[in-house]
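Good morning, and thank you for coming.

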Amino acid sequence: MRVFITGGAGFIGSNYVRHLLANTDDSVTVFDALTYAGNRETLREFDDDPRFAFVQGDICDREAVRASLPGHDAVVHFAAESHVDRSLLDPDVFVRTNCMGTNVMCDVAADAGVERFVHISTDEVYGSIDEGSFSEGDILQPRSPYSAAKAGSDLIALAYHETHGLPVVVTRSSNQYGPYQFPEKLIPFFVTNLLDGHRVPLYGDGLNVRDWLFVRDNCAGVDLVLRNGTVGEVYNIGGGNERPNRYIPDRVLEILGRDESSVEYVEDRKGHDRRYSIACDKVRALGWEPSTDFDAGLEETVAFY
Ligand code: NAD
């Protein structure tokens with residue numbers, strides 16, 4: 001299979017490229033604009049692999065996508081603006097990339113007649129939940145410009161399935177951690193700052209709950225949905241590791257042999273969602289389950305940085 005991967009120079013996309021090249025015979029074209037979040041060096045080791053190609057391009061640029069996408073069997077669409085804090089400061093680029101970019105991707109993919117289009121989304125589109133877990137059929141109540149733009153992109157992709165028969169499947173994953181993540185996100189931010197001897201800020205009371213998913217487990221789930229998911233369906237992919245945010249610096253401090261004086265509690269983020277939780281029965285029914293123990297994954301991640 002020839003797979004067209006947008007955002008393949010980012011955190012999850014680059015792990016997925018590794019997954020495909022290591023575990024399948026597929027060939028891969030990465031299409032990535034190399035924004036601040038993309039890192040070409042992450043993929044440098046594949047430059048001599050005849051199954052790997054890299055194209056620098058913007059998913060909002062229809063002609064650029066049209067010049068590269070036709071001839072591929074499947075699209076896995078990771079490219080997005082992905083950082084909630086940035087979306088509070090500069091929401092326009094989130095709507096442009098996540099909504100307009102997804103529209104261009106779907107439009108060109110429908111014209112090209114691809115066999116599969118996996119749209120990568122997030123548990124944040126459901127909003128916050130105090131108790132229980134969201135299922136795929138629940139209504140979307142995004143609460144940040146990031147998650148609202150992602151929710152928009154989900155609906156755009158699913159609409160292309162309904163109106164144009166584009167064979168779309170959507171994944172909604174929980175918070176990921178692992179190697180190759182840009183160090184503005186919680187875990188690599190804490191690790192790199194603590195390694196440099198700085199203190200780390202923790203929002204509010206540190207009791208906001210996130211479900212942590214090791215990135216390679218997510219890649220295996222995305223790949224299973226690509227091959228065996230039902231077209232037109234949405235699949236939640238969660239790690240089953242719900243933890244209050246303050247668990248993260250506690251564990252990282254323990255791994256690095258530091259004490260609590262390195263953590264500073266700061267004013268909460270505006271509109272900070274209290275808890276995310278998703279039910280993952282659908283993807284489990286396809287045969288997926290996460291295999292990485294949270295503490296072991298965290299130790300590998302700290303060692304990577
Ligand atoms: P990331 O920010 O690390 O990487 C995004 C990549 O997309 C970068 O390589 C960037 O250069 C590229 N990109 C951005 N704008 C582009 C554009 N206009 N054209 C082409 N390329 C562009 O993101 P990530 O953490 O790897 O997330 C990937 C996807 O997974 C996103 O859709 C995100 O919403 C989703 N997701 C992420 C998480 C998480 O915990 N990181 C959880 C659930 C879902």
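By a polar contact I mean a pair of N or O atoms within 3.5 Å; within protein, one must be able to donate a hydrogen and the other to accept it, and residues adjacent in sequence count only if both atoms are side-chain atoms. A nitrogen atom of the ligand lies 2.9 Å from an N or O atom in the side chain of Asp-58. The backbone contributes as well: an N or O atom of Gly-10 is 2.9 Å from a ligand oxygen, and one of Thr-35 is 3.0 Å from an oxygen atom of the ligand.

Please keep in mind that this is a predicted model, in which local features need pLDDT of at least 70 and side-chain atom pairs count only at pLDDT 80 or more, whereas totals for chains, interfaces and linings use all residues. Residues are numbered from 1 along each chain as its sequence is written, and side-chain values use heavy atoms, with hydrogens and water left out.

How much of the ligand's accessible area does the protein cover? The protein covers 96% of the 840 Å² that the ligand has on its own, by the Shrake-Rupley method with a 1.4 Å probe. There are 29 residues around the ligand, and Ile-12, Asp-32, Ser-82, Tyr-146 and Lys-150 come nearest; a residue counts here if one of its heavy atoms lies within 4 Å. Helices (H or I, at least four residues) and strands (E, at least two) are DSSP runs, numbered from the N terminus. Among these elements, β5 gives the most to the shell, with 3 residues.

I turn now to the sheets, where two strands pair if DSSP finds at least two bridges between them. Seven strands form an open, parallel sheet in the order β3-β2-β1-β4-β5-β6-β10. Its edge strands are β3 (52–56) and β10 (234–237), each pairing on one side only. Within this sheet, β5 and β6 (residues 168–173) pair in the parallel sense over 6 bridges, and Ser-121 stands opposite Arg-172 in β6.

The other sheet to discuss is open and mixed, with 3 strands in the order β7-β9-β11. Here β7 and β11 (242–244) are the edges, each with a single partner strand, so one side of each is left without a neighbour in the sheet. Strand β9 (residues 209–214) pairs with β11 in the antiparallel sense over 3 bridges, and Val-209 has Pro-244 of β11 as its bridge partner.
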